[in-house]
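Subject: Structure for you to look at

Hello,

Please find the sequence and structure below. My notes on helix packing and on a pocket follow.

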Amino acid sequence: FKQKEETTIRSRNKIQISIQEDPWNLPLRIKNLVDTIQKYVEDGKNQLLLALLKCTDTELQVRRDVIFCQALVAAVCTFSEQLLGALNYRYNNNGEYEESSREASKKWLEQIAATGVLLNYQSLLSPSVKEERTMLEDIQATLSELDKVAFYFKQLDECFVANTHVFYHVEGNRQVLKVTLFLDSYYFSKLPTRFQNGGSLKLHAVLFTK
C-alpha cells in the first residue's frame with residue numbers, strides 16, 4: 001500500500017509540473033493518472049478475492065453448491081408443472097378447494113403475480129442428530145439463496161423449439177440469478193398481464209423438518 005501511495009503522489013507531482021510547463025497536456029496526464037489508479041484498484045480486487053478464497057471452506061462450499069443446484073432444479077420443474085396445470089385450469093384437479101378448477105387456477109395465477117410463489121421443501125432429517133443437523137444447516141443456508149432467484153416469462157419462438165410448451169434459460173450468478181421461462185403463444189397469452197409485460201416472479205422457500 002505504501003508503494004501505491006508513493007506512485008499516486010508521484011503522479012500528482014507530475015501533473016502539477018505539467019500544468020506549470022504546458023497546461024495543454026493536462027488531459028493526457030489525468031488519463032495516465034486514472035489508468036495507474038485503475039491498475040492498482042484491479043490489483044487490490046484480485047488480492048482481496050485470493051484472500052477470501054484462502055479463508056473459504058471449499059468442502060462446505062461444494063456441498064452447498066450441490067444443494068443449491070438441486071433445489072433450483074426442483075423449484076423450476078415443480079413450478080413449471082403447477083403453472084401449466086393452472087394455465088390449463090386444472091390447478092384444483094384434486095378437489096382441495098371449494099371453487100371450481102377454473103376459478104382456483106385464476107386465483108392462484110393472480111396470487112403469484114401479486115406476492116410470488118411459496119416453495120415448500122420437506123426433509124426427514126432430524127435437528128436432534130448432529131450429523132443430520134449439519135446437513136439441515138447446509139440446506140437452510142442454500143434455500144435462503146433462492147430469494148435471489150427471479151423468474152421471468154417470454155413468448156417462445158416455436159420455429160426454434162417445436163412441440164415444446166415451456167423452455168428454460170438461466171443466467172446470472174449466485175448473487176442475482178435470472179430464470180426465463182419461454183412459453184408457447186397459447187400459454188403465454190393466458191399469463192397475468194404483469195408477467196406478459198416483463199414483471200418478475202419471486203420465490204419464497206420454506207423448509208419443514210421432522
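The crossing of α3 and α4 is left-handed, a label used when the near helix is turned anticlockwise from the far one by less than a right angle, with right-handed used for clockwise. This is a predicted model, in which local features need pLDDT of at least 70 and side-chain atom pairs count only at pLDDT 80 or more, while totals for chains, interfaces and linings use all residues. Residues are numbered from 1 along each chain as its sequence is written, and side-chain values use heavy atoms, with hydrogens and water left out.

Helices (H or I, at least four residues) and strands (E, at least two) are DSSP runs, numbered from the N terminus. The axes of α3 and α4 come within 8 Å and cross at roughly 130°. Axes here are lines fitted to C-alpha atoms, for helices over the stretch in contact, and angles run from 0 to 180 degrees between N-to-C directions. Ala, Val, Leu, Ile, Met, Phe, Trp, Tyr, Cys and Pro count as nonpolar, Asp, Glu, Lys and Arg as charged, and the others, Gly among them, as polar.

Next is α5 (residues 130-144), whose axis comes within 9 Å of that of α3, crossing at roughly 60°. The crossing of α3 and α5 is right-handed. Among the residues in contact are Leu60 and Arg63 of α3 and Thr134 and Glu137 of α5. This contact divides into 7 nonpolar, 2 polar and 4 charged residues.

Last, the pocket. A pocket is an open set of points on a 1 Å grid over the protein atoms alone, where a 1.4 Å probe fits, with protein on both sides within 12 Å along at least five of seven lines; lining residues have an atom within 4 Å of a point. The largest pocket is lined by 21 residues, with Gln82, Tyr91, Trp108, Val117 and Leu118 nearest its centre. Its largest share of lining, 6 residues, comes from α4.

Regards

Technical notes:
Contact means heavy atoms within 4.5 Å.
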